[in-house]
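This report describes the fold of a single chain and then looks at selected residues in turn. The sequence and structure are shown first.

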Amino acid sequence: MDITSATASGADPEIGVTIGVDPNVIPYGTIVLINGKEYIAQDTGNYAGNHIDILCESEAVAERLGTYNTQVYIKK
């Protein structure tokens, strides 16, 4: 699946790398570690606070993965 629109930060979105965040909590460009995998804060959505949205291939994949609480570590 090709994603053509830029993220809120202006970066090209990348599945499995780009995360949506509240930029008042996690600034754009921040690298975070979630369950042993690195992601980059590049986008935002209709949410605020301690919510992170990982860009997936489709809504069906996102629904299958669901939502959960976990530790998030700021790497950079």
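The model is predicted.

**Overall fold**

The chain contains one helix and five strands. Their order along the sequence is β-β-β-β-α-β. The radius of gyration is 12 Å, close to the 11 Å that the globule rule gives for 76 residues, so the chain is as compact as a globular protein of that length. Along the principal axes, the C-alpha atoms fill a box of roughly 30 × 30 × 25 Å.

Of the 76 residues in the chain, 25% are buried. Among contacts with a separation of 6 or more, 55% come from residues 24 or more positions apart.

**The nonpolar core and Y39**

Which residues form the largest nonpolar core? Seven residues make it up: I19, V21, I26, V32, I34, Y39 and A41. Strands β2 (31-34) and β3 each contribute at least two residues to this core.

Leaving out residues up to four places away in sequence, Y39 touches G16, V17, I19, T30, I31, V32, I34 and I54. The ring of Y39 also has a charge over it: the charged end of K37 sits there, 5.1 Å from the ring centre. As for ring-to-ring pairing, the structure holds zero aromatic pairs.

**The salt bridge**

How many salt bridges does a search of the whole structure find? The search finds one. The partners are E38 and K75, whose side chains meet at 2.1 Å, N to O. E38 lies in strand β3 (residues 37-43) and K75 in the segment after β5 (72-74), so the pair ties together parts that are 37 residues apart in sequence.

The two partners fall into separate accessibility classes. E38 is partly exposed at 37% relative accessibility, while K75 is exposed, with a relative accessible area of 53%.

**Loop residues**

| Pair | Separation in sequence | C-alpha to C-alpha distance |
|---|---|---|
| N35 and V72 | 37 residues | 7.8 Å |
| N46 and G20 | 26 residues | 9.5 Å |
| C56 and T67 | 11 residues | 13 Å |
| T70 and A6 | 64 residues | 27 Å |

N35 is in the loop between β2 and β3. Its phi is near 50 degrees, a positive value in a residue other than glycine. Is N35 buried or exposed? N35 is exposed, with a relative accessible area of 53%. Beyond its neighbours within four places in sequence, N35 is in contact with Y68 and T70.

T70, one of those two contacts of N35, is in the loop between α1 and β5. T70 is partly exposed, with a relative accessible area of 36%. Not counting residues up to four places away in sequence, T70 touches I34 and N35.

N46 is located in the loop between β3 and β4 (53-54). N46 is exposed, with a relative accessible area of 82%.

Where is C56 found? C56 is in the loop between β4 and α1 (59-65). With a relative accessible area of 16%, C56 is buried, because residues under 20% are classed that way. Leaving aside neighbours within four places in sequence, C56 is in contact with I15, V61, A62 and L65.

**Points to check on the model**

One is the E38 and K75 side-chain pair, at 2.1 Å, N to O. Another is the K37 charge over the ring of Y39, with 5.1 Å to the ring centre. A further place is N35, where phi is positive and where Y68 and T70 are in contact with the residue.

Notes:
Residues numbered from 1 in each chain as written. Predicted model: local features only at pLDDT ≥ 70, side-chain atom pairs only at ≥ 80, totals over all residues. Heavy atoms only, no water. Salt bridge = Lys/Arg side-chain N within 4 Å of Asp/Glu carboxyl O. Helix = DSSP H or I, 4+ residues; strand = E, 2+ residues; numbered from the N terminus. Buried < 20%, exposed > 50% of the residue type's maximum accessible area, 1.4 Å probe, protein only. Core = buried A, V, L, I, M, F, W, Y, C linked by side-chain atoms within 4.5 Å. Contact = heavy atoms within 4.5 Å. Phe/Tyr/Trp six-rings, centres within 6.5 Å; stacked < 30°, edge-to-face > 60°. Lys NZ or Arg CZ within 6 Å of the ring centre and 35° of its normal. Rg over C-alpha atoms; globule rule 2.2 N^0.38 Å.
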